[in-house]
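Okay, everyone, can you see the screen? I'll bring up the model and talk you through a few spots in it.

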Amino acid sequence: LTLKRMVDLAHLANRPISICGELASDPMALPLLLAMGFDSLSMNASGLLRIKYVLCQINMTDAQTLLTTVLTCVDAKEVRQVLAQWLTTQGLARLIGKYH
């Protein structure tokens, strides 16, 4: 919720917003970061191909629906479960165990 609020405030001020580090290169977080509206992601070069692959698989409408669901979750455990289920339905289940 805090990240979404930051994105909304940055865009309200007509400022771009990016995120960097491990979260930006996390395939499970990618659909949420995109749906939140981050303008750019900065990551280690070792994560680029994996993130590019996942990025090409994501439908923005589906990602926005996912974000709406995640914003109603009560804790991090539930968020991870929702994300894992979503990635599975998107055919990306092999990414779950490798990074989480």
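So, α4 and α5 cross in a right-handed way, meaning the near helix is turned clockwise from the far one by less than a right angle. Helices here are DSSP runs of H or I, at least four residues, strands are runs of E, at least two, and both are numbered from the N terminus. The axes of α4 (residues 60-70) and α5 (residues 76-89) come within 10 Å and cross at roughly 160°. Those axes are lines fitted to C-alpha atoms over the stretch in contact, with angles from 0 to 180 degrees between N-to-C directions. That makes α4 roughly antiparallel to α5, the label for angles over 145 degrees.

Before I go on: this is a predicted model, where local features need pLDDT of at least 70, side-chain atom pairs count only at pLDDT 80 or more, and totals for chains, interfaces and linings use all residues. Residues are numbered from 1 along each chain as its sequence is written, and side-chain values use heavy atoms, with hydrogens and water left out.

Which residues make the contact of α4 with α5? On α4 they are D62, A63, L66, T69 and V70, and on α5 they are V79, V82, L83 and W86; contact means heavy atoms within 4.5 Å.

Now, L66 turns up again in the largest nonpolar core. That core has 30 residues, and L32, F38, I58 and L66 touch the most other members. A nonpolar core, by the way, is a set of buried Ala, Val, Leu, Ile, Met, Phe, Trp, Tyr and Cys residues joined through side-chain atoms within 4.5 Å. Buried is under 20% relative accessible area, exposed is over 50%, and partly exposed is in between, with a 1.4 Å probe and protein chains only. α1 (2-12), α2 (30-36), α3 (48-57), α4 and α5 each supply at least two core residues, and α2 gives the largest share, six. Take L32: leaving aside neighbours within four places in sequence, L32 is in contact with L66, L67, V70 and L83.

On to the loops. L71 sits between α4 and α5 and is partly exposed, at 38% relative accessibility. S25, in the loop between β1 (18-20) and α2, is buried at 16%. Not counting residues up to four places away in sequence, S25 touches M43, R50 and I51.

Last one: N14, in the loop between α1 and β1, is exposed at 69%. Its phi is near 55°, a positive value in a residue other than glycine. Most residues other than glycine have a negative phi.

Key: Parallel < 35°, antiparallel > 145°, perpendicular 65-115°, else oblique.
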